[in-house]
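Here is a short note for a first look. Please read the points with the model open.

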Amino acid sequence: MRISTVGYSMKQGVKNIGRNKMFSMASIATMAACIFLFGLFYSIVVNFNYIVEKAEEGVAITVFFHEETTQAAKDRIGEQLRSAEGVLEVNYVSAETAWENFKGDYFKESEDLADGFKTDNPLGNSDNYEVYMADVSKQKEVVEFAMSLDGVRKVNKSDIVAKTLTSVNKLVGYVSVTIIAILLAVSVFLISNTVTMGITVRREEIAIMKYIGAKDGFVRAPFVIEGLIIGAVGAVIPLVMLYFMYDRAVTYIMSKFSLLNNIVDFLPVLDVYKTLLPVGLALGVGIGFLGSFFTIRKHLKV
């Protein structure tokens, strides 16, 4: 396509928006609302997933040894656990450390009661490995692997926590796909209606252009550009709004609910926008293109 033809198509695409101001504004507003909801939903989901991932990293299985297991064998078990698939971190907890942790939890207000065990550690055979996983859904496989190692006596695990976190992740995934599909369908429908109105207004002009030999691509180009512009503008507006609203919302939540400061940690806005910005722009432009392209293909028959 020549430069002059491209210039004509772009000019006509802009004029189409001007001719159908009400429908164009409605499409931009609807697109903006859809992208805003998508961005808002994405921000919530990505932070929720981040919180769940942090919670998963805090879920550990505990690997105990047989009494006759030597320190060299325990070290070998630790190396095998660190090399296992899905394992994030492995920490060795000595019997002394285990007793100090137990004493701190259960003898806080009666430390004198714990003094009677100074020379006799009741947890003498309780040294263990704490094994943390990157994905808690892999807990069963990691437990089975740990139990298969020589020298391992038993493995304590948290089935309820693992199942709950895994179920939550699946639920969030299903809900995300459903909402995104609905938002995309609504956006495409609105832009399709706008382009259809543009075709109706210019039907006679389009008929004359085709009678004098204009190719379908030449006739269709302005409408595709119209859809691209609507999609781009409809994406930029909510993305800019969300960028400035995100930090304020996080600051408000953390100040309003101070108890969350030590429990919940939100992602920085730049980390969220590394994905949200390109995806939001691609959605806007892509929906605009698809809505206009397929509408023209269906209705542009004069």
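This is a predicted model: local features need pLDDT of at least 70, side-chain atom pairs count only at pLDDT 80 or more; totals for chains, interfaces and linings use all residues.

Which residues of helix H6 are buried?

1. Helix H6 covers residues 139-147. Its buried residues are Gln 139, Val 142, Val 143 and Ala 146. Seen down the axis of H6, they fall within an arc of 100°, so they line one face of the helix.

2. Helix H3 runs over residues 71-82. With 12 residues at 1.5 Å a residue, H3 should span 16 Å. Its end C-alpha atoms are 17 Å apart, which agrees.

3. H3 has a buried side as well. Ala 73, Lys 74, Ile 77, Gly 78 and Leu 81 are its buried residues. They cover an arc of only 145° around the axis, so they sit on the same side of H3. The face turned away from that side carries the exposed residues Ala 72 and Glu 79.

4. What covers the buried residues of H3? The cover includes strands S1 (60-65), S2 (87-93), S3 (128-133) and S4 (152-156), along with H6.

5. Now the surface. Val 236, Val 240, Tyr 243, Phe 244, Leu 270, Leu 277 and Leu 281 form a nonpolar patch there. Together they have about 610 Å² of accessible area. Helices H9 (216-256) and H10 (269-299) each supply at least two residues of the patch. The largest share, 4 residues, comes from H9.

Terms used: Residues are numbered from 1 along each chain as its sequence is written. Side-chain values use heavy atoms; hydrogens and water are left out. Buried means under 20% relative accessible area, exposed over 50%, partly exposed in between (1.4 Å probe, protein chains only). The arc is that of the directions from the helix axis to the C-beta atoms. The expected span of a helix is 1.5 Å times one less than its number of residues. Contact means heavy atoms within 4.5 Å. Patches are made of residues with over 30% relative accessible area and no salt bridge: like charges are joined within 9 Å, nonpolar side chains (Val, Leu, Ile, Met, Phe, Trp, Tyr) within 5 Å. Accessible areas come from the Shrake-Rupley method with a 1.4 Å probe; for residues, only the protein chains shown count as cover. A salt bridge is a side-chain nitrogen of Lys or Arg within 4 Å of a carboxyl oxygen of Asp or Glu.
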